[in-house]
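Dear colleague,

I am passing on the structure below, together with some notes on what was found in it. Please read the notes beside the coordinates.

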Amino acid sequence: MGTLRHPLVDDRMIQGEGTQKSQWLQAFEKQPLPPLDLEQFRSKRVVIVSPHPDDEILGCAGLMQQLMQLDCNIIVLAVTNGTQSHPQSKKYTPEQLNQLRPLESLAALECLAIAKHTQRIGLNLTDGQVHLQINQLWSGLDQTIQPEDFLICTYKYDGHPDHEAVGKTVQAFAKVHQLPCLQVLIWAWHWANPLDPRIQWQQAYAYCLTDEQILQKRQAILQFDSQTQADESTGQNAVLSPAIIERLLMPYEVYLCE
């Protein structure tokens, strides 16, 4: 993939194939992260705030499967419809993506066998411009979040400007309303190095996926044709290359708690 550049992300550049999966696995074998406490979710309403349709799956598909076993109600709050993922494309125009990407998200939830127990809400903010729509995002959170909810969002330093805007806003909202909030790493796996000091590892916890959960996560990711297939109309490779997908299918998902 090309380089994703934005003044808000400083040195957290998403370019090339990124750090290899094997490097992460070796690092965490030497210095394993503490396990995520699953009991904190039991019988809760869990709201996953996803900057784009697919981030809830890329980050949380393993945990989402487990949440169903913990008698949770899952709400996916989709901030944008990801309409700017294919600039100048004739295969995936913004108008087409506006319809297609939410449908891919629903198909992925079906793959995880949780669609019937998951509510999906779209805020329809502008893809790539979330940092300019913080008030609208806050209003959407205000209308959706309930007093006892558990919040999950993208990491506030994840490297993608929309991910970071969502992470910072949701974390601030959680603090104001005294709600528990976890941030999940997605693109940080790409630009960071193992035990990178730019990531707050001392606040990180790992959720270990079963083989079945990894298989289901893989199938769910593959529902996003717009992200996993090359675009012949522009000559661009897939947004999610096979190597990127494999890295996202590590045997654990990592969540940060402040």
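The notes below cover a helix packing and a group of aromatic rings.

This is a predicted model, in which local features need pLDDT of at least 70 and side-chain atom pairs count only at pLDDT 80 or more, while totals for chains, interfaces and linings use all residues. Residues are numbered from 1 along each chain as its sequence is written, and side-chain values use heavy atoms, with hydrogens and water left out.

Helix H4 (residues 134-144) packs against helix H5 (residues 161-176) at an angle of about 50°, with the axes 10 Å apart; helices are DSSP runs of H or I with at least four residues, and axes are lines fitted to C-alpha atoms over the stretch in contact, with angles from 0 to 180 degrees between N-to-C directions. The contact (heavy atoms within 4.5 Å) involves, among others, Leu137, Trp138 and Leu141 of H4 and Val166, Val170 and Phe173 of H5.

Among the aromatic rings, Trp24 and Trp189 pair edge-to-face, at 4.7 Å centre to centre and 85° between the planes; rings of Phe, Tyr and Trp (its six-membered ring) pair if their centres lie within 6.5 Å, and planes over 60 degrees apart count as edge-to-face. Because Trp24 lies in helix H1 (residues 21-30) and Trp189 in helix H6 (residues 188-191), this pair ties together parts that are 165 residues apart in sequence. Ring pairs link Trp24, Phe28, Trp189, Trp201 and Tyr252 into a cluster.

Best regards

Conventions: Helix = DSSP H or I, 4+ residues; strand = E, 2+ residues; numbered from the N terminus. Phe/Tyr/Trp six-rings, centres within 6.5 Å; stacked < 30°, edge-to-face > 60°.
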